[in-house]
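Here is a short briefing to read with the structure open beside you.

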Amino acid sequence: MSPRAGNAGPHTLAFVESPVQLLNVLEWAHAHAPGVGLTLVVLSPRDPMTRGQLRRMSDLARDEGHEVRWEEARGGPLAPFRTIGGLTGLLRRARRVVLGDPFSRYVQLLLTITHARDLVVVDDGTATMEFVGQLARGERLVRWHRKGGRPGPRDVIFAPVSASARRRLTPSGSRRIEIFSSMPMEETPAGVTVGANTFAWTRARFGPPRITKGADLVGTSLVETGVVDDGRYLEAVRALAKTHGATRYFAHRRESTDKLHRLAVETGLEIVRPELPLELIARRGPIGRTILSFPSTVVHTLPLALSGTEVRVAVCDIDPAWLTDSASPRAQGFLSGVTGTARDVHRLSPTATPKPAGPTESAGTAGFTAPPGPVGPTGPAATPGAAGAVAAG
C-alpha cells in the first residue's frame with residue numbers, strides 16, 4: 001500500500017459505476033484528502049467495455065493506496081439484495097460518502113442507509129450540470145435526456161426513494177454537501193461547497209503526451225441514448241473527418257458495435273476502443289494536435305487534462321435537424337449549453353442539411369463551418385466556481 005494514502009478504511013466510502021466516476025474520485029482524493037485512504041466500492045455494470053475500463057482504473061486506485069471492493073451489483077435478480085446487505089455495515093460507519101451519479105437508483109437506495117455527515121458528489125460526465133440545477137431549484141432528480149417525458153411505472157414506484165435521496169443531498173445543520181467538478185455551474189445550490197477539479201492528479205501521473213500532426217475525433221453515445229439520428233450522426237462524422245483530416249475515432253464506451261462497424265466502413269476512420277477514460281489516454285499520448293468532439297464531457301475536461309500542451313479542442317454543435325422524434329424537448333438547449341459553457345475550445349457550426357459542394361470543396365466536407373484559423377490553445381484550469389456535467393460523456 002502506498003504510504004501516500006495511509007490505511008484504507010471505512011471512514012471515507014466511495015461508490016462508482018463508471019470509469020469517469022472512478023477517475024474523478026481519484027482526483028478528489030488527490031486534491032482534498034491527501035494521506036487519507038478510501039474504501040472504493042465499484043458497483044459493476046454488465047457492459048463489457050465499461051467493466052474492462054473499471055478493472056484498469058481499479059488497478060490505478062490500488063496503486064494510489066486505496067482499497068477497492070468490486071461488487072457484482074447487477075449479476076442476477078438477487079444481486080442487489082446481496083450487495084446492499086453486504087454494504088450496510090460500511091455505510092452506517094462511514095463518516096463521508098463520495099458518489100459519482102446521484103441519478104443512479106442504486107446510489108439513491110444506498111443514500112437512504114448512510115448516516116454520513118459529509119456527502120461529496122464528483123463529476124459523472126455532463127449529467128452533473130443537470131443535477132446541480134435540479135438541486136438548486138428543488139426539482140426531482142431526472143436525467144436530462146429523459147426530462148419532459150412521462151414517468152414510467154418504475155419511476156413511480158421508486159419516487160419515494162428518489163425524493164429521500166434528494167433530501168439527503170440537500171445541506172442541513174447536520175449534513176455537509178460538496179460538489180467537486182470541472183464544469184461551469186450557472187446555479188449554485190444554497191449551502192453547497194463547490195470544489196474545482198483541475199485534473200491535477202492526471203497531469204502529475206501521466207504525460208506530457210507525444211503530439212501527432214493530425215486530428216483525432218471523439219465519439220459520443222447520443223445515438224444510443226435516442227437523442228440523435230444514427231444516419232445524421234454518421235454523415236456528421238464523415239464530414240468532420242474529411243474537413244479536418246481526422247484518422248482515428250475514439251469510441252465512447254456505450255457506442256454499439258454495429259454503429260462503430262458502419263463508421264469504420266463508411267468513413268475509413270480507425271476505431272479505437274480506449275482501455276481508460278479519454279483524459280488519461282490523451283495525457284499518455286500519442287494524441288492528435290486537434291481533437292474534434294460533439295457536445296460532451298470531454299470539451300470541458302480535455303483542456304484541463306492537456307493544459308500546458310499544444311493540443312487544441314474543437315466542438316461541433318448538434319444541429320436540431322439531427323435530433324430524433326423521441327428526443328427530449330430539453331435536449332437541444334442542454335447540448336447547446338454544454339458547448340456554450342466550455343472554455344478554451346473552438347466551436348464548429350453545422351448546417352441543417354449538407355450544402356452543395358463548391359468548386360474547391362468536396363462533397364464530404366460540406367455542411368460544416370471550419371475554423372478561420374488554428375483552434376485556440378488550451379487555457380488555464382478551471383477556477384473554483386466551476387461545476388457541472390454532460391450526459392454524453
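This is a predicted model: local features need pLDDT of at least 70, side-chain atom pairs count only at pLDDT 80 or more; totals for chains, interfaces and linings use all residues.

- In soluble globular proteins, nonpolar side chains tend to be buried together.
- Leaving aside residues up to four places away in sequence, W28 touches T12, A33, L38, R96, V98, V120, V122, E178 and F180.

**How α1 meets α2**

- Helix α1 covers residues 19-32 and helix α2 covers residues 48-63; their axes come within 9 Å and cross at roughly 15°.
- Angles under 35 degrees count as roughly parallel, and α1 and α2 are therefore roughly parallel to each other.
- The crossing of α1 past α2 is left-handed.
- On the α1 side, the contact is made by P19, L22, L23 and L26, while α2 brings T50, Q53, L54, M57, S58 and A61.
- By type, the residues of this contact are 7 nonpolar and 3 polar, with no charged ones.

**An enclosed helix, α11**

- Helix α11 (residues 298-305) has 8 of its 8 residues buried, so it is largely enclosed by the rest of the structure.
- To find them in your viewer, look for V298, V299, H300, T301, L302, P303, L304 and A305, the buried residues of α11.

Note on methods. Residues are numbered from 1 along each chain as its sequence is written. Side-chain values use heavy atoms; hydrogens and water are left out. Axes are lines fitted to C-alpha atoms, for helices over the stretch in contact, and angles run from 0 to 180 degrees between N-to-C directions. Helices (H or I, at least four residues) and strands (E, at least two) are DSSP runs, numbered from the N terminus. Angles under 35 degrees count as roughly parallel, over 145 as roughly antiparallel, 65 to 115 as roughly perpendicular and the rest as oblique. A crossing is left-handed if the near helix is turned anticlockwise from the far one by less than a right angle, and right-handed if clockwise. Contact means heavy atoms within 4.5 Å. Ala, Val, Leu, Ile, Met, Phe, Trp, Tyr, Cys and Pro count as nonpolar, Asp, Glu, Lys and Arg as charged, and the others, Gly among them, as polar. Buried means under 20% relative accessible area, exposed over 50%, partly exposed in between (1.4 Å probe, protein chains only).
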